[in-house]
Amino acid sequence: MSKEGRRRGVRWSWTSAFVGAAAAAATVMALSSKPRDPDFHLISIDLTSFKLNFPVVDAELILTVHVTNPNVTSINYSSTEMSIFYSGDHLGSARVKAGSQPPRSCQVLRLPARLSGLQLAHHGKEFVADVAKREMLLDATVDIEGFAKVMWWDHKFRVHVDSHVTVDPVFLDVIDQENKSALEVFVK
């Protein structure tokens, strides 16, 4: 092999370098754009009113929730209902209005909720004990559906969220919480 041929075999051409850099950039983009689960955090619970529902009283609340979209694309989601449970029984629900969220952003949602006094009365002894110790465990679940636009394609998704929240039933302070979300993306 000539000296010129050996040099050409060892040297990178500009085309090879460009193709290599483009492949590396595409790999980095693909890895960073893998869909990730959103993060949900209950900030506060505010009592707005009591509604007489003879023979008991229902409570209307506002749940303030901090939501983080860690993904590189914006999302649009439809309205849904969050179910709230106490001791395994359905206690009430909160409305989640349809909306959208920009990529890699945080947003605060204020969700109107209503809790059934009748359902709480079924757990009277347990509720009184929770008030005495100032800790009440509530569970909540919600399925949020929508789509994320990637370039010119809409990808449908569903996020299932399970929350376990310990609150002070006297002052409605959030004491502790564990929120788990699972994202499912549907490719057409």
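# Reading a predicted structure, step by step

Tutor: Let's begin at Pro169, which sits in the loop between E9 and strand E10 (174-186). Keep in mind that this is a predicted model.

Student: Is Pro169 buried or exposed?

Tutor: To judge that, look at the relative accessible area, where buried means under 20%. Pro169 has 15%, so it counts as buried.

Student: Which residues does Pro169 touch, not counting those up to four places away in sequence?

Tutor: Pro169 touches Phe127, Asp130, Val131, Arg134, Glu135 and Met136. Distance along the chain and distance in space are separate things to read: Pro169 and Val128 are 41 residues apart in sequence, yet their C-alpha atoms are 9.7 Å apart.

Student: Arg134 is on that list. Where does Arg134 lie?

Tutor: Arg134 is in the loop between helix H4 (124-133) and E8. With 38% relative accessibility, Arg134 is partly exposed. Its phi is positive, about 60°, although Arg134 is not a glycine. Arg104 also has a positive phi without being a glycine, with a value near 45°. You will find Arg104 in the loop between strand E6 (99-101) and E7, and it is exposed at 54% relative accessible area.

Student: How should I read salt bridges, and with which residue does Arg134 form one?

Tutor: The general idea is that side chains of opposite charge can pair when their charged atoms come close. In this structure, Arg134 forms a salt bridge with Asp168, and their closest N and O atoms are 2.6 Å apart. Because Arg134 is in the H4 to E8 loop and Asp168 in the E9 to E10 loop, the pair ties together parts 34 residues apart in sequence. Asp168 is buried, at 5% relative accessible area.

Student: How many salt bridges does a search of the whole structure find?

Tutor: The search finds seven. One of them pairs Glu184 with Arg158, with 3.6 Å between the closest N and O atoms. That pair links distant parts of the chain, since Glu184 is in strand E10 and Arg158 in strand E9, 26 residues apart. Another salt bridge joins the side chains of Lys180 and Glu178, at 3.2 Å from N to O. Salt bridges with shared partners also join Asp58, Glu60 and Arg114 into one network.

Student: What joins E1 to E2?

Tutor: A hairpin joins E1 to E2 through two residues. The pairing is antiparallel over 13 bridges, and Asp46 faces Ile62 in E2.

Student: How do I read a nonpolar core, and which residues touch the most other members?

Tutor: In soluble globular proteins, nonpolar side chains tend to be buried together. The largest nonpolar core here has 30 residues, and Phe40, Leu63, Tyr77, Met82, Ala94 and Leu111 touch the most other members. Several strands give two or more residues to this core, including E1 (39-53), E2 (56-69), E7 (105-115) and E8 (136-150). E8 supplies the largest share, six residues. Take Leu63: beyond its neighbours within four places in sequence, its contacts include Leu42, Ile45, Met82, Ala94 and Leu111.

Student: Which residues make the nonpolar surface patch?

Tutor: Leu47, Phe50, Leu52, Phe54 and Val57 make a patch of about 610 Å². E1 gives the most to it, three residues. Phe54 is in the loop between E1 and E2, and it is exposed, with a relative accessible area of 74%.

Student: To finish, where does Thr166 lie?

Tutor: Thr166 lies in strand E9 and is buried at 16% relative accessibility. Thr166 and Leu137 are 29 residues apart in sequence, while their C-alpha atoms are 4.5 Å apart. Leaving aside neighbours within four places in sequence, the contacts of Thr166 include Glu135, Leu137, Val174 and Ile175.

Definitions and conventions: Residues numbered from 1 in each chain as written. Predicted model: local features only at pLDDT ≥ 70, side-chain atom pairs only at ≥ 80, totals over all residues. Heavy atoms only, no water. Core = buried A, V, L, I, M, F, W, Y, C linked by side-chain atoms within 4.5 Å. Buried < 20%, exposed > 50% of the residue type's maximum accessible area, 1.4 Å probe, protein only. Helix = DSSP H or I, 4+ residues; strand = E, 2+ residues; numbered from the N terminus. Contact = heavy atoms within 4.5 Å. Patch = residues over 30% accessible without salt bridge, like charges linked within 9 Å, V, L, I, M, F, W, Y side chains within 5 Å. Areas by Shrake-Rupley, 256 points an atom, 1.4 Å probe, with all protein chains shown as cover. Salt bridge = Lys/Arg side-chain N within 4 Å of Asp/Glu carboxyl O. Pairing = 2+ DSSP bridges.
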